[in-house]
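Hi everyone, thanks for coming. Let me put the structure up on the screen, and then I'll talk you through a few bits of it.

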Amino acid sequence: MILLLAAISLLSVSQAASDDEGDYSRSGAYVRGGLGAAWISSSTSFPTAPSQSWVANPEIQLSLGWRQNERLALEAEFQWVPSHEGISNGSWLLGANGKFFLLEGRIQPYIVLGAYGYWAKPPGARDTEADWGFKNGAGFDFYLDDDWAVGVESSFIWGVGKVWRNYFITTSVTTTYRF
């Protein structure tokens with residue numbers, strides 16, 4: 001992922017002269033949606049659930065955000081990772097992210113850090129457990145025009161307390177609309 005961000009940074013620097021002068025890093029509100037895959041690992045912190053070792057599941061996310069300045073955005077995010085064994089199992093996250101942008105042009109790589117309320121119920125568990133979860137990741141947005149962007153984001157999410165030993169790695173394709 002670091003190599004991908006470095007390549008994007010180099011490409012966008014060389015394209016800076018040829019880019020039109022769109023205001024891609026302006027302040028303002030945005031809405032973002034994403035679909036992807038999540039590889040989940042959960043352990044015996046759920047007494048009746050068998051351990052899972054990096055099982056693939058779908059992932060859906062929705063964010064409402066505010067781009068504060070050229071380098072910082074804050075967003076509220078809902079993320080749902082339904083289990084491959086049915087939607088009554090899986091993980092739900094609701095929290096806040098800080099996105100730190102590395103470039104301001106048409107291509108904008110970023111680092112994302114977040115804290116979440118984390119609800120999890122792996123297959124075989126009797127009850128849903130809730131506690132805190134945290135996210136770190138990286139991605140990039142490619143602006144199609146001043147308002148629309150598409151992107152890719154990968155992140156690592158882990159739980160603490162009652163949901164510790166429940167981790168997942170996500171890779172999502174995203175679409176963003178800037179107001």
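I'll start with the cavities and then move on to some strands.

One thing to keep in mind: this is a predicted model. So, how many cavities of 30 Å³ or more does the structure hold? There are two. I'd like to look at the second largest cavity, which has a volume of about 50 Å³.

Who lines the second largest cavity? The lining is made up of Y30, R32, R67, K99, F101, D141, Y143, T176 and R178. If you sort those residues by type, you get five charged, three nonpolar and one polar. And where do they come from? Four strands each give at least two residues to this lining: strand 1 (28–42), strand 4 (86–101), strand 6 (129–143) and strand 8 (166–178).

Okay, hold on to strand 6, and let's bring in its partner, strand 5. Strand 5 and strand 6 run antiparallel, with 14 bridges joining them. To pick out one spot, W119 has A130 in strand 6 as its bridge partner.

Last stop is S154, which you'll find in strand 7, residues 148–159. Is S154 buried or exposed? The cut-off for buried is under 20% relative accessible area. S154 comes in at 19% relative accessibility, so it counts as buried. The side chain of S154 also makes a polar contact of 3.1 Å with the side chain of T171.

Notes
Residues are numbered from 1 along each chain as its sequence is written. This is a predicted model: local features need pLDDT of at least 70, side-chain atom pairs count only at pLDDT 80 or more; totals for chains, interfaces and linings use all residues. Side-chain values use heavy atoms; hydrogens and water are left out. On a 1 Å grid over the protein atoms alone, a cavity is a set of points where a 1.4 Å probe fits but cannot get out, and a pocket is an open set with protein on both sides within 12 Å along at least five of seven lines; lining residues have an atom within 4 Å of a point. Grid points are joined across faces, edges and corners, and a volume is the space filled by probe spheres set on the points. Ala, Val, Leu, Ile, Met, Phe, Trp, Tyr, Cys and Pro count as nonpolar, Asp, Glu, Lys and Arg as charged, and the others, Gly among them, as polar. Buried means under 20% relative accessible area, exposed over 50%, partly exposed in between (1.4 Å probe, protein chains only). A polar contact is a pair of N or O atoms within 3.5 Å; within protein, one must be able to donate a hydrogen and the other to accept it, and residues adjacent in sequence count only if both atoms are side-chain atoms. Two strands pair if DSSP finds at least two bridges between them.
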